Structure formats: C-alpha cells, structure tokens
Amino acid sequence: MYELIICEKPAAANKIAEALADGKAIKENYQGVPYYRLTHGKKDIVVACAVGHLYGLAEKVKKGWIFPVFDIEWQPVSENSKGAAFTKKYLNTIKKLAKDANEFTVATDFDQEGEVIGLNIVRYICKKKDANRMKFSTLTKDELRESYNNKSKHIEWGQAESGEARHFLDFYNGINYSRALTAAIKTTGTFKLMSTGRVQGPALKIIVDREREIKAFVSKPFWQIEFLGEHNGKEIIAWHREDKFWEKTKADVVIEKTKNQKEAKVDNLDRKQFNQMPPFPFDLTSLQVEGYRCHGISPKEILEIGQELYTSGYISYPRTSSQQLPPAIGYMKVMNDLNKQKQYSDLIKKLLKKPSLRPNNGKKTDPAHPAIYPTGIIPAELTERESKIYDLIVKRFLATFSENAVRETMTADLNCNNEIFIAKGTRTIEKGWHEFYSPYVNLEEIELPNMKKDDKIKVSKIELISKETPPPKRYTPASIIKDLEKRNLGTKATRSEIVDTLFQRGYVQGKAIEATNLGISMVETLEKYCPKILDEDLTRRFEIEMDKIREGQQKKEQLLEDAKDAIIK
C-alpha cells in the first residue's frame, strides 16, 4: 500500500518526486508513461502524472446536429478527439497505480483548471469522493516539501465547483451557439463551421465596435507652430502655447508676427522635481503586456513560455492576478540564489546593502498565488525567447525592491515678439529603479539647455505644420487583453486563447487587430437577431457568480439553470 500523488504534467511529477524523496526516487514506466516510487519519512509514495485534462465534456448521447444540447457529461478526451488519443496511456497508468493505493493526494496546479483535472482523476479513475490537496506556487524543493507536510485533507471544493461550472457554461454556450450559427449559414446555401462563445462574442464585438469608430471617423485639420532655436550652441524645440489651431487664419497671424524675428527671450522658467515609484510586481496580464511591448512576443506565447519556466522550476506560477509579493516567499533567499547568476550579481549586491527589503506591491490580489517572481534556480538551456521573458521577470522583480527614481521637468516660456512658445524637458536626476529595470524602462529624456530668465534665444526657424486628427487606434494583441481584463471578461488564463480563436476563425486579422468582413457580418447578424449573445453584462454577471461559487456563496446548479434559460431565449 502507498500514497498516490497525482500531478498535472510529467515535468511536475519529476520535480515533486525529487523534492519529496528521502533518498533517490526510482523512475518506472507503464505503457511508456513515467511514474516514480519513493520513500518519505515512513511512507511509501508513488508520484503519477496526467498531461493536462484527461477528461472533457461531451454529449451523453450523440443525436446528430441538434440544439439546444444540455445533456452532457465528463468523458475521457481520448474517446472524443483523435488528437488526444495519446492521453489514454496516462489514464491507464493512473488506473493501474490507483488499485494498490490507500491514500490519494492531488498536486496539480493550484487554480480552477488544475482543480478540475485533479477532481476528475480522483472521482473517475481512482473512484474516490475526495483526496488530500497540496498547494504550491513554485516547484522548488523547499516549497514542495512544505506543501506536502501542510497538505489539506480535502480537494479545494470552491475552486473545483467554480472550475466545473465554467467548463459546463463554456460548453453549453460554445456548442449551442456554434450549431445555431452554422445551421443559419447553411440556409444561404453555403457551409462554414461557425463559432462563438460566452466571452468570444463580446470580445469580437469590442473589436468590431472599434472598427466602426475607425470607419466612421472623419479627421479634422489643425495646425501647430514649431519653434526651433539655439542657446549656447544647444538646440531648443518649442511649440506655440495655443498647441492646436483649429482655424488656419489664427495660425497665419502668429506666423506673420514672428516672421524675420532673430531672437526670443526666456520669460519664465519652471523646474519641478518628482519621485517616480518603482513598478509593481508582474501579474499575468502585465507580464503579457510588457512582454509584447519590449519583445513583440504574443500574449499567448508569453503564457506558454511562462508555463515552461514554471514547470522547469525557474519562476513561480504564472497564471496569477496578484501584484503582491508576500514576505513568505523569502525575499532574502531568492536574492542570494539569484546572486549566483553573474548577469544579476552587481544589481543584487546593491539591493542587499539596503537595511530592509520591501517590494512596491500593487493592489491586485489572487487567493491562490503571489505575483510572478524568479525562484533563483539557475536556468539550464533556455531558448532565445525564454531568455528574454526570464530576464524581464528577474529585472522586474529586482526593480520592485529598489528606490524611487527622481526626475525633473523643466518648462520654459519663450517670448518671440509677444507670441509665447513653450519648451519642455524631462530628465532623470537619480536613476533609482531605472538601473534595475534596464533596458526595459520606456521613458523619454529631453534635456533643455541650462537657461535663466531673460536669456536670449537665437531663432533658427518658426514653421507652420499642418496635421489631421488621427482615428482611434486599433487594438494590439496586448491592448485587447488589457481591455478584456478591465471589463472583467474571461479569466487571466483564457483571454489570450480567446483572442487567438478569433484569429483562427477568420473574424479578425493583422498585428494591429482589424475585424474582417466575416467578423463584422457576424456581429451585425447577432446584433439584429440575438443581441444577448454579445452582451458584456450577461458574460460579466456569470463571471461574478463563478467567483461567488468559489467563495461558497452560490450553488453551481443555480448558475447552470440560469445559463440554460439565457441560451434557450
């Protein structure tokens, strides 16, 4: 007899076995699937693994292309998808190992998806109603041992119920809406597999609405007047204080008045210093946004890279919405471990001179995990893209512990024949956290010459520049994810996938995301005949109710009944 520990992926099983083994874990395999035998204290333990979801939702009885369909159940994914046939051997291995086990522990990722994966294995393969639960945010030896010693006696039921509700809800919406749409397009004599979903519909509408704004946009002409001058050999650029002239005749008056002027005078000088706080630690969305800004890597790929770095033990769990690093992660230990990596040691030595280490935590929290941070384990071979994201995470972590940067703005009013031009400069006086977050600091340094009130400025050129108001900007893969988060649509883990699906379905295209004709027609049709499918408020309401299920304030069954009613309507 032994305790069976169930992990989400093979790499995690390997890490957990190595961490818990008092001696060396013995690797065995069944049908080519690895598992581990080990001793921990007086206990015999077997560590087994899944490969993500071994069970998926499917219709109980397939009756062809009908809708609405609500009679669904969990079935092995290997039975319903050719692409998932390989998961059968993982299911068989756990089934074989469960026979001789007298205790079961779930050690999948500690989030809704991980909980559902663990719950399905426990009830359908191990034939148990409950199991122990290990909770961890990194795959480091110390944390895994601590997690095992403090495991809870039960599955995290709130998380499991909420995760299961989400799966049912998404399946109900996805299958019924998609079948209805495909049936509708058939009536036109064409066949095309169409799809929409609970979050996919509102997400597409947001992009189409932006497209409509762009198409309806009529630009307005305006004029600006640029002043180019010189002071002690240094160039000065200033703009007329009116900024935008909406009537060209008014701008022409200024040009006429300043024509042939050889100099301007400094009327007024204003210097202001301000403290710029360090950035917050990364949650998943801010990592995706920053990774896209700095490296042009898509949010979906950043999540995949983050998962890889986590499974290898190099960073904490990436699917988090927290911007907080609690003292429990052991700031000092992480710093000392990172110090062994040559490229960071100079920065860390500076931080370790501080009397205390306190991160600049943000407001966002996550009940399951802290913000993303490096564990300090030295990475082995990383791909170029993995290195880029790892470096970004380490630098962000270090920056959150460093000092404010001090910046100074300088504004000069330049009087040229009683027309005022304003020159603005901003410079960094004390680098503070900029040094730790280099090269990812995105700030313009515009240094003005050292001027005093009443100084004379030589005029090089005063020029009228005609411009037009620009249309609203299209979304990027990063900005749409940020917007979905702001509107509370989807989850931190699914938003990039939803955007990716819109591309795959041909509803949107391009790096600057543009709705295609198909995407626009889709939204127009649904707006006309079935606007609820696109209703953000309805989607958001279900998100809030799923949070209530997690907190034990609502029953899953009630939510699903409400969803059926909404779909039937």
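Ser 178 lies in helix H6 (residues 157-186), where helices (H or I, at least four residues) and strands (E, at least two) are DSSP runs, numbered from the N terminus. The model is predicted: local features need pLDDT of at least 70, side-chain atom pairs count only at pLDDT 80 or more, and totals for chains, interfaces and linings use all residues. Residues are numbered from 1 along each chain as its sequence is written, and side-chain values use heavy atoms, with hydrogens and water left out.

**Overall**

- The secondary structure of the protein comprises 19 helices and 16 strands.
- The C-alpha trace spans about 95 × 70 × 40 Å along its principal axes.
- The protein has 569 residues, of which 50% count as buried; buried means under 20% relative accessible area, exposed over 50%, and partly exposed in between (1.4 Å probe, protein chains only).
- Of the contacts between residues at least 6 apart in sequence, 74% join residues at least 24 apart, contact meaning heavy atoms within 4.5 Å.

**Ser 178**

- Ser 178 has a relative accessibility of 13% and therefore counts as buried.
- With neighbours within four places in sequence left aside, Ser 178 is in contact with Asn 173, Met 194, Ser 195 and Thr 196.

**Packing of helix H7**

- Helix H7 (residues 200-216) packs against helix H15 (residues 477-486) at an angle of about 120°, and their axes are 11 Å apart. Axes are lines fitted to C-alpha atoms, for helices over the stretch in contact, and angles run from 0 to 180 degrees between N-to-C directions.
- H7 and H15 are therefore oblique to each other; angles under 35 degrees count as roughly parallel, over 145 as roughly antiparallel, 65 to 115 as roughly perpendicular and the rest as oblique.
- Ala 203, Ile 206 and Ile 207 of H7 make the contact with Ile 480, Asp 483 and Leu 484 of H15.
- By class, the contact of H7 with H15 has five nonpolar residues, no polar residues and one charged residue. Ala, Val, Leu, Ile, Met, Phe, Trp, Tyr, Cys and Pro count as nonpolar, Asp, Glu, Lys and Arg as charged, and the others, Gly among them, as polar.
- H7 also packs with helix H17 (residues 517-529), at an angle of about 105° and with the axes 10 Å apart. This makes H7 roughly perpendicular to H17.
- On the H7 side, the contact with H17 is made by Leu 204, Lys 205, Val 208, Asp 209, Glu 211, Arg 212 and Lys 215. H17 contributes Gly 519, Ile 520, Met 522, Val 523, Glu 524 and Glu 527.
- The contact of H7 with H17 divides into five nonpolar, one polar and seven charged residues.

**Six-stranded sheet**

- An open sheet of six strands runs in the order S2-S3-S4-S1-S7-S8, with mixed pairing; two strands pair if DSSP finds at least two bridges between them.
- Strand S2 (26-30) and strand S8 (132-133) are at the edges with a single partner strand each, so one side of each has no neighbour in the sheet.
- Strand S1 (residues 2-7) pairs with strand S4 (residues 43-49) in the parallel sense over five bridges, and Ile 5 has Val 47 in S4 as its bridge partner.
- Helix H1 (residues 10-20) lies across S1, strand S3 (33-40), S4 and strand S7 (101-107), and runs at about 15° to S3.

**Strand S12 and its partners**

- Strand S12 (residues 405-416) is largely enclosed by the rest of the structure, because nine of its 12 residues are buried.
- Strand S11 (residues 263-276) and S12 run antiparallel and are joined by 11 bridges; Asn 268 stands opposite Asp 413 in S12.
- S12 also pairs with strand S13 (residues 419-430), in the antiparallel sense over 11 bridges. The bridge partner of Cys 416 in S13 is Glu 419.
- S12 and S13 form a hairpin with two residues between them, and Asn 417 in the turn has a positive phi of about 50°.
- Asn 418, in the loop between S12 and S13, has a positive phi of about 65° although it is not a glycine. Asn 418 is exposed, with a relative accessible area of 59%.

**Other backbone features**

- The peptide bond from Phe 67 to Pro 68 is cis, with omega near 0°; Pro 68 is in the loop between strand S5 (55-59) and strand S6 (72-76).
- A cis peptide bond, with omega near 5°, links Ser 438 to Pro 439, and Pro 439 is in the loop between helix H14 (434-437) and strand S14 (456-468).
- Asp 243, in the loop between strand S10 (234-240) and helix H8 (248-258), has a positive phi near 65°. Asp 243 is partly exposed, with a relative accessible area of 37%.
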